[in-house]
Amino acid sequence: MTDAPRYADCPVIEVAVLIDAPPAAVWELVSDPGLPARFSSEFKGARWVGGADGPAPGNRFEGSNEHPAIGAWTSHCTVVECEPERVFAFTVGDLDGVQPSSAWKYTLTAEGAGTRVRQSMRLGPGRSHLSTVIEAMPDREVELVAGRMRDLRQSMSDNLNGVKALAEAEAAHA
């Protein structure tokens, strides 16, 4: 991938943090799709749908989002990988209902008495709200993708730092 990715490149971001808490404690936090709302200005929350009541492959949830440039929208998400205390991954449906507009994944690895958590996300290949902005301003695609990736990286870092604070506070009281 180049330093100037385009949307069709399906760019990926990954952030990681070492948390001084065991994987079981961290898992309870990262497998709750609504938790990142506590640390995000864009993501407002999530709820399980279709009879689902927790993480499992095939289970679905809806996420509520709001961005000053786009407005409010609902994301339709499907859990694609769920291995307790190791992996929680989901895709977000695209605007056309054909392919994922993004894929998100948490990977937990025991490291000593703690847990290394990696959160990654991939844009595309399906259409998203970013796609519609790019379609309106195709000459600014590289700038728009870079800006979105920068914002998402910051949001993911804020999320993992929030998970770290919660898990370590809980571990200190256990």
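Guide: In helix H2 (residues 129–136), Leu-130, Ser-131 and Ile-134 are buried. Buried means under 20% relative accessible area with a 1.4 Å probe, counting protein chains only. Helices here are DSSP runs of H or I with at least four residues; strands are runs of E with at least two, and both are numbered from the N terminus.

Visitor: Why do the buried residues of H2 line one face?

Guide: Seen down the axis of H2, they fall within an arc of 100 degrees, so they line one face. The arc is taken over directions from the helix axis to the C-beta atoms.

Visitor: What do those buried residues pack against?

Guide: They pack against E7 and helix H3 (141–173). Contact means heavy atoms within 4.5 Å.

Visitor: And which residue caps the N-terminal end of H2?

Guide: Ser-128 does, with a side-chain oxygen 3.2 Å from the backbone nitrogen of Leu-130.

Visitor: Before I go on, what kind of model is it?

Guide: This is a predicted model: local features need pLDDT of at least 70, side-chain atom pairs count only at pLDDT 80 or more, and totals for chains, interfaces and linings use all residues. Residues are numbered from 1 along each chain as its sequence is written, and side-chain values use heavy atoms, leaving out hydrogens and water.

Visitor: Sheet next. What is the strand order?

Guide: The 7 strands run E1-E7-E6-E5-E4-E3-E2 in an open sheet, with antiparallel pairing. Two strands pair if DSSP finds at least two bridges between them.

Visitor: Which strands stand at the edges?

Guide: Strand E1 (12–19) and strand E2 (43–49). Each has a single partner strand, so one side of each lacks a neighbour in the sheet. The twist averages 20 degrees from one strand to the next.

Visitor: How many bridges join E6 to E7?

Guide: 10 bridges join E6 (residues 100–111) to E7 (residues 114–123). Ala-110 stands opposite Thr-115 in E7.

Visitor: Where does H1 lie?

Guide: Helix H1 (residues 23–30) lies across E1, E4 (71–83), E5 (87–93), E6 and E7. Its angle to E6 is about 165 degrees. Axes are lines fitted to C-alpha atoms, for helices over the stretch in contact, and angles run from 0 to 180 degrees between N-to-C directions.

Visitor: Last topic. What pattern does the chain follow?

Guide: Along the sequence, β-α-β-β-β-β-β-β-α-α. Buried residues make up 42% of the 174 residues. The C-alpha trace spans about 55 × 40 × 25 Å along its principal axes.

Methods
Buried means under 20% relative accessible area, exposed over 50%, partly exposed in between (1.4 Å probe, protein chains only). A polar contact is a pair of N or O atoms within 3.5 Å; within protein, one must be able to donate a hydrogen and the other to accept it, and residues adjacent in sequence count only if both atoms are side-chain atoms.
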